[in-house]
Amino acid sequence: MTRHTARRRAAGLAAAGALALTACGGGDDTGGTQEGDPLVVWTVEAQEPRIAVQRQIAEAFTEASGIEVELVPIEEGQATQLIQSAALSGELPDVISLLNLGFVRQLASEDLVDTDANARVVEALGEETFAEAALALSRDGDVQVGVPSDAWSQILVYRTDLFEAAGLEPPTTYEALETAAAALTTDGQFGITLATDASDVFTSQTFETLALGNGCQLVEDGEAALESDACQTTWELYQALATEYSPAGTQSVDSTRATYFAGQSAMVLWSTFLLDELAGLRNDALPTCAQCLDDSGFLAANSGVITSVAGPDTDAPGSYGEVQNFAVMDGADTEAAQQYIEFVMSDGYEDWMQQAPEGKIPVRTGTPDDPTRFSDAWNGLQMGVDAKAAMADVFGQDVVDTIASAPTTLDRWAITSGDGALLGPVSTQMPIPKAISDLAAGAVDAAGAARQANEAVAAIAADQS
């Protein structure tokens, strides 16, 4: 497709609004490529230490291929606007990296992605070298909307010392979770801290994590399904946890972490990006519990990790996570773009994961000749910003193995049912966070929250049809 066509398609992108990404920081340059220009690569992983690693990878690629790379960090909040503007002006970059599943599908639906080039990259690297679940999430039927680069998982982190002292089972099921939350809610401590912020996609991610564990889906047979029996069970659990066993008031991505770090809650649902902070390796997000003042490793040593909480309504509980993607853009220098992605996902992959091992779980486990090369390398990488430590040295090998297996079991709403186009507008309009906020405030009960969210999703689906 020509860039002229891309300009026409870009108008639809604006309607999607800004989608939630997983990076921050960076500049606001835009790029374009003509014959003889460097390969232009935008990245939304724009924290300076991570950009430094990406520059090193780009320099190694240039040395190996002779192809110059212009690496352009973009701010997450500006990504949609910048891509829309670049498409309208015919100046899309050749490659964008670190696109989440919702965003890359939105771009592909607007014909701004060269899905055939993406497919050639996967074929060249070898489909069998990717985690099957992660690869499936990066496809829309037979269309390769992105090239999966890495993943993070949403995890339930819990205080093993408090559970053991109370004689509680690990919170691997709905029943065990609610039982523990009730037992560990005492004077000065909550059983769990749970997201309730109406304006944060993190709240929706938290709900979806529990919902997938019970087989609750956003859409079934083309219809909004948030009032199904399985979903109603999840709404009821969320109501109990948020109103009886979690701090009152709006709980956000920051406050949930802070409460757990302060020792004020026994459980928290967060992403694997929490782990380096939990280990005391980031000075801007240190554990602050009373015991942590004398022992910075106390909380990490007394925390367990679970990737899926099984509900009573399914025999096949799913787990929530995000798969990040590379995408070759419309009008790119496809040969050079494909070479670049293939290089990052092979010769540069160990360095790529080193940016943040706790949140860059390998979705490509190895090569055809060495099937476990990258998973083995990841296992020994050091996490942290202001201090470094191997994940196994802090949390033990069992936790590392649990996290490493996440890309093989990931599920997501809408994508697996063939309704992935809903991800973008559902993420931006936030019907689920709004319903949860009302639920936590007592404005509606579980049935009312389910109905409110379901009607909003149904309206979004109708607009998409």
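The largest nonpolar core here takes in 145 residues, and Leu226, Trp235 and Tyr340 have the most contacts inside it. (Such a core is a set of buried Ala, Val, Leu, Ile, Met, Phe, Trp, Tyr and Cys residues joined through side-chain atoms within 4.5 Å; buried means under 20% relative accessible area with a 1.4 Å probe, protein chains only.) Helix 10 supplies the largest share of this core, eight residues.

Keep in mind that this is a predicted model, where local features need pLDDT of at least 70 and side-chain atom pairs count only at pLDDT 80 or more, while totals for chains, interfaces and linings use all residues. Numbering starts from 1 along each chain as its sequence is written, and side-chain values use heavy atoms, with hydrogens and water left out.

**Around Leu226**
- Setting aside neighbours within four places in sequence, Leu226 is in contact (heavy atoms within 4.5 Å) with a list of residues including Cys216, Leu218, Cys231, Trp235, Trp413, Ile432 and Val457.

**Helix 8 on helix 10**
- Helix 8 (residues 174–183) packs on helix 10 (residues 229–244) at an angle of about 15°, with the axes 10 Å apart; helices here are DSSP runs (H or I, at least four residues) and strands are E runs of at least two, numbered from the N terminus.
- The axes are lines fitted to C-alpha atoms over the stretch in contact, with angles from 0 to 180 degrees between N-to-C directions.
- The two helices are therefore roughly parallel, a label for angles under 35 degrees.
- On the helix 8 side, the contact is made by Tyr174, Leu177, Glu178 and Ala181; on the helix 10 side, by Thr233, Thr234, Leu237, Ala240 and Leu241.

**Positive phi away from glycine**
- Leu98, in strand 3 (residues 95–99), has a positive phi of about 70° although it is not a glycine.
- Leu98 is also buried, at a relative accessible area of 1%.
- Ala414 is not a glycine either, but has a positive phi of about 70°.
- You'll find Ala414 in the loop between strand 15 (410–411) and helix 19 (423–429), buried with a relative accessible area of 1%.

**Helix 11 and what surrounds it**
- In helix 11 (residues 253–261), the buried residues are Ser255, Thr256, Arg257, Thr259, Tyr260 and Phe261.
- Those buried residues pack against several elements, among them strand 6 (147–159), helix 9 (201–212), strand 9 (267–271) and helix 12 (274–278).
- Gly263 follows helix 11 and has a positive phi, near 75°.

Conventions. Angles under 35 degrees count as roughly parallel, over 145 as roughly antiparallel, 65 to 115 as roughly perpendicular and the rest as oblique. Buried means under 20% relative accessible area, exposed over 50%, partly exposed in between (1.4 Å probe, protein chains only).
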